[in-house]
Amino acid sequence: MLYAREYDVKKDDFAAAGEVSARIKRKLKQIGIDASLIRKIAIASYEAEINMIIHSYGGVMSIELDEDNIIIKCVDTGPGIPDIELAMKEGYSTAPQSIREMGFGAGMGLANINKNSDNMEITSSPEGTTITMKFSF
């Protein structure tokens with residue numbers, strides 16, 4: 001393991017929205033990861049972070065870097081995603097109008113995470129959701 005770090009993500013903390021993904025992006029630049037890969041990771045991690053802020057009770061985002069892969073893992077404490085297949089569809093959103101008025105909740109989060117990561121795994125129950133994104137280099 002070359003690098004590992006965890007970050008707390010709090011429910012409804014829009015003032016801090018994007019801070020975790022920005023920290024991840026800065027660290028990857030310091031390490032010397034290719035800019036095109038950093039861009040994909042930044043998009044996917046931002047979408048995951050915003051989803052946690054909007055839809056979860058809060059949780060932890062972590063990054064692990066080894067010789068071949070970067071793994072971003074998001075683990076929240078609920079309430080879960082009732083229909084993952086539906087939630088993966090571009091444009092599908094359960095965000096309330098108040099969130100949409102702030103410019104969030106367009107229904108692109110999970111689709112963008114899937115599109116930008118080399119491998120995405122998602123599990124969900126009322127106790128929480130785990131999204132694991134893998135990026136290879």
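Helices (H or I, at least four residues) and strands (E, at least two) are DSSP runs, numbered from the N terminus. The model is predicted: local features need pLDDT of at least 70, side-chain atom pairs count only at pLDDT 80 or more, and totals for chains, interfaces and linings use all residues. Residues are numbered from 1 along each chain as its sequence is written, and side-chain values use heavy atoms, with hydrogens and water left out.

**Exercise 1. Overall fold**

Solution. 
- Step 1: The protein chain contains five helices and five strands.
- Step 2: The C-alpha trace spans about 40 × 30 × 25 Å along its principal axes.
- Step 3: Contact means heavy atoms within 4.5 Å. Of the contacts between residues at least 6 apart in sequence, 63% join residues at least 24 apart.

**Exercise 2. Surface and charge**

State what share of the residues is buried, and describe the charged side chains of the protein chain.

Solution. 
- Step 1: Buried means under 20% relative accessible area, exposed over 50%, and partly exposed in between (1.4 Å probe, protein chains only). By this criterion, 45% of the 137 residues are buried.
- Step 2: Accessible areas come from the Shrake-Rupley method with a 1.4 Å probe; for residues, only the protein chains shown count as cover. The accessible surface comes to about 7400 Å², and carbon and sulfur atoms hold 48% of this area.
- Step 3: Lys and Arg count as positive and Asp and Glu as negative, while His and the chain ends are not counted. The place of a charge is taken as NZ of Lys, CZ of Arg, CG of Asp or CD of Glu.
- Step 4: There are 15 positive and 20 negative side chains, and the centres of the two sets lie 6 Å apart.

**Exercise 3. The nonpolar core**

Identify which residues touch the most other members of the largest nonpolar core.

Solution. 
- Step 1: A nonpolar core is a set of buried Ala, Val, Leu, Ile, Met, Phe, Trp, Tyr and Cys residues joined through side-chain atoms within 4.5 Å.
- Step 2: The largest such core has 34 residues, of which Ile-24, Ile-70, Ile-72 and Met-133 touch the most other members.
- Step 3: At least two residues of this core come from each of E1, H1, helix H2 (35-55), E2, E3, helix H5 (109-116), strand E4 (119-125) and strand E5 (128-136). H2 supplies the largest share, nine residues.
- Step 4: Beyond its neighbours within four places in sequence, Ile-72 contacts residues including Ile-24, Ile-41, Met-61, Ile-131 and Met-133. Ser-62 is also in contact with Ile-72.
- Step 5: Ser-62 belongs to strand E2 (residues 59-65), and this residue counts as buried because its relative accessibility is 14%.

**Exercise 4. Backbone features in loops**

Find where the cis peptide bond occurs, and characterise the backbone of Asp-12.

Solution. 
- Step 1: The bond from Gly-78 to Pro-79 is cis, with omega near 10 degrees.
- Step 2: Pro-79 lies in the loop between strand E3 (69-76) and helix H3 (84-87).
- Step 3: Asp-12 has a positive phi of about 60 degrees although it is not a glycine.
- Step 4: The loop between strand E1 (3-9) and helix H1 (19-31) holds Asp-12, which is partly exposed at 43% relative accessibility.
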